[in-house]
2 protein chains.
Amino acid sequence: MTTVLTSTRHPRVQAVRRLHRRSARAAERRFVVEGPQAVREALRYGGLTELFFTDPDDPLVAVAREQGTDLVQVDAKVLEALAETVTPQGLVGTAPLRDVPLEAALHGAPQLVVVLHEVNDPGNAGTVIRTADAAGADAVVLTAGSVDPHNGKCVRATAGSLWHLPVVAGAPADEVLAVLRRTGLQVLATSGGGADDLDDLLDDGGLVAPTAWLLGTEAHGLPEELVRQADRAVRVPLHGAAESLNLASAAAVCLYASARSQRTGR
Amino acid sequence: MTTVLTSTRHPRVQAVRRLHRRSARAAERRFVVEGPQAVREALRYGGLTELFFTDPDDPLVAVAREQGTDLVQVDAKVLEALAETVTPQGLVGTAPLRDVPLEAALHGAPQLVVVLHEVNDPGNAGTVIRTADAAGADAVVLTAGSVDPHNGKCVRATAGSLWHLPVVAGAPADEVLAVLRRTGLQVLATSGGGADDLDDLLDDGGLVAPTAWLLGTEAHGLPEELVRQADRAVRVPLHGAAESLNLASAAAVCLYASARSQRTGR
C-alpha cells in the first residue's frame with residue numbers, strides 16, 4: 001500500500017519550502033528542482049536527493065526509483081505548497097547545489113568562459129547560463145554580489161542548462177581575473193563605450209583565441225576598474241536608436257560570435 | 001497656484017488604470033507610459049497625450065510643457081495608483097498606440113524584418129523589439145494571437161525601442177507572408193529541426209539578401225505549415241547540451257548575423 005503525503009504542514013514539506021531562501025540553500029547545500037524538464041536533467045546529470053510526485057506512473061518517477069532516489073507521493077495541494085511555480089506539473093525534487101570552485105571550473109584548457117559581474121537579475125543570469133551552454137562555453141562564473149544560480153527563477157531560466165556546464169557562484173572578481181589570466185584566456189569586457197567594435201574583432205580574427213567574456217548589470221554595466229583590467233573593452237554595434245541591448249541578448253551575440261570564430265579559425 | 005491631484009478615485013486616475021487592460025487600450029487607441037526612459041522616448045518620437053508627475057522640476061515635465069502636453073501634478077500615492085510598476089520614478093503618461101498597418105511598416109525597401117508568430121510572452125516580445133532596433137531592423141511584426149506590444153511588461157522590456165521602429169500588431173500570418181513576398185524579402189523560419197544551419201548560411205552569403213526572420217513561441221516553435229511556406233528553415237547551432245535557445249536570445253543571434261552579413265556584403 002502506498003502512503004500519500006497530504007499535509008502541507010508535514011516537516012518534509014516545510015524543509016523543502018525553507019530551501020526557497022538562499023540562506024537555507026547555502027546551509028544545507030541543496031536546492032529545489034521543479035517540473036519535468038529540470039527533474040529530468042537533474043536525474044540525467046547529477047541526481048536528486050528526493051522526489052515528490054503526484055502521479056506514480058510518471059516515467060521520471062521510475063527513473064528516480066532506479067537511481068535509489070527517496071520518493072514521496074503527495075497530493076496536488078502539497079505539490080503546490082512545495083513549489084514556487086504555479087504549475088510544477090506533478091514533480092518537485094531537491095538536489096545537491098551545482099556550483100563548483102573557480103579552479104575546478106577553469107581546469108584544463110577552456111576556450112570560452114562567461115563571467116557575470118554582480119548580476120542580480122535571476123532571469124537574465126539563468127538565460128545567460130542557457131545561452132552559454134548552447135554556444136558551447138566551458139563555464140559560467142558569477143562574481144560575489146550576483147544572484148545565487150540556484151534561485152528558483154534562475155534555475156527555470158536555465159531550462160536545464162544548469163546541469164550541463166560548470167557554474168561558479170560568489171567568486172571575488174579580482175580572483176576571477178587572476179585565474180583567467182593564469183589559464184591563458186584573453187579577457188574581453190563588454191562596454192557600451194568600449195574602444196573595440198565586435199564587428200572589427202570578427203574581421204581581425206580577434207575572437208579566435210580562448211576568451212572570457214565579462215558582462216555587468218544592465219543598469220550600470222561593468223565598473224571602470226574591471227574594464228581597465230580586461231585586455232579589451234568591446235562594444236556590440238548598435239545600428240538603430242537603441243541605447244543598449246538586454247544583458248542576455250548581448251551575451252548571446254558575443255558568445256555566438258566567439259563560437260563561430262573559434263570554430264572557423266578566423 | 002498649482003493644483004495637486006491627491007485622490008486615487010479621481011476619474012482621470014481611473015481612466016488611466018483602465019488602460020492596463022488590452023480591451024480599453026484598443027477602444028481608446030492609447031496606452032500607459034511609465035518611468036523616465038519611456039516618457040523621454042515618447043516625448044522625443046511620438047508625443048504624450050497627458051503626463052502625470054510628482055516633481056514639477058523634473059526636466060521632462062518642461063519638455064512636455066513645451067509640446068503642449070496636458071500636465072497633471074499628483075502626489076506619490078496617486079502616481080503609484082496610476083502605474084503598474086512599483087517604481088514609476090515620478091512620471092506616468094498616456095500616449096497614442098504605436099502600432100502601424102502592415103503595408104506601412106514594410107513600405108519602401110526594408111532590409112531586415114522580424115515576425116513573431118503567436119508569441120504571447122510580453123518580456124520576450126519586448127526584448128525582441130529592443131534587439132531588432134539595436135540590430136538596425138526596419139520593422140517588427142506581431143501576428144494575430146501575439147501579445148499586445150502596448151502591454152506594460154512588453155513596453156518596459158523594449159527599453160524605449162517601441163518608439164524607434166515600426167511595430168505591427170495582430171496581423172494574420174498568411175497576409176504577413178504574402179506582403180513579405182511581394183516586398184521581395186526572403187523568408188527565413190527559425191526551427192530547431194531546420195535543414196539549414198545558421199553558420200552555413202553565413203558561409204554561403206545566404207544572409208546578404210533582404211530578409212524577414214520568422215520566430216515562434218519558445219514552447220511550440222513555429223507551426224509546420226508556416227515553416228513550409230518559408231524560403232528556408234534555419235536552425236541556430238547548439239554546440240553544448242542545451243535543447244534550444246530562449247526566444248529573445250535566438251532572435252539576437254539571427255538578427256546580428258543578418259546585420260553583419262548585409263553590412264559586409266558576404
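Residues are numbered from 1 along each chain as its sequence is written, and chains are lettered from A in the order in which they are written. Because the model is predicted, local features need pLDDT of at least 70 and side-chain atom pairs count only at pLDDT 80 or more, while totals for chains, interfaces and linings use all residues.

**View 1. The two copies are related by a turn of 180 degrees.** The superposition is by least squares on the C-alpha atoms of residues with pLDDT of at least 70 in both copies.

View 2. Two residues are in contact if their C-beta atoms, placed from the backbone, lie within 7 Å. Helices (H or I, at least four residues) and strands (E, at least two) are DSSP runs, numbered from the N terminus. Of the interface residues of chain B, 100% are also interface residues in chain A, so the copies meet through the same surface.

**View 3. Five strands of chain B form an open sheet.** The order is β1-β4-β3-β5-β2 and the pairing is mixed. Two strands pair if DSSP finds at least two bridges between them. At the edges stand β1 (4-5) and β2 of chain B, each with a single partner strand, so one side of each is left without a neighbour in the sheet. β1(B) pairs with β4 (residues 70-74) of chain B in the parallel sense over two bridges, and Val4(B) stands opposite Gln73(B) in β4(B). Five bridges join β2(B) to β5 (residues 91-96) of chain B, and these strands run antiparallel. Here Phe31(B) stands opposite Ala95(B). Five of the five residues of β2(B) (residues 30-34) are buried, so this strand is largely enclosed by the rest of the structure. A residue is buried if 20 or more other C-beta atoms lie within 10 Å of its own, exposed if 12 or fewer, and partly exposed in between, with C-beta atoms placed from the backbone.

**View 4. Helix α9 of chain B has buried residues Ala173(B), Val176(B) and Leu180(B).** Seen down the axis of α9(B), these buried residues fall within an arc of 55 degrees, so they line one face of the helix. The arc is that of the directions from the helix axis to the C-beta atoms. Just after α9(B), Gly184(B) takes a positive phi of about 85 degrees.

**View 5. Thr54(A) lies in the loop between β3 (50-53) and α4 (59-66) of chain A.** With 20 C-beta neighbours inside 10 Å, Thr54(A) counts as buried. Leaving aside neighbours within four places in sequence, Thr54(A) is in contact with Val74(A), Asp75(A), Ala76(A), Leu79(A) and Gly90(A). Thr54(A) and Gly90(A) are 36 residues apart in sequence, and their C-alpha atoms are 5.2 Å apart in space.
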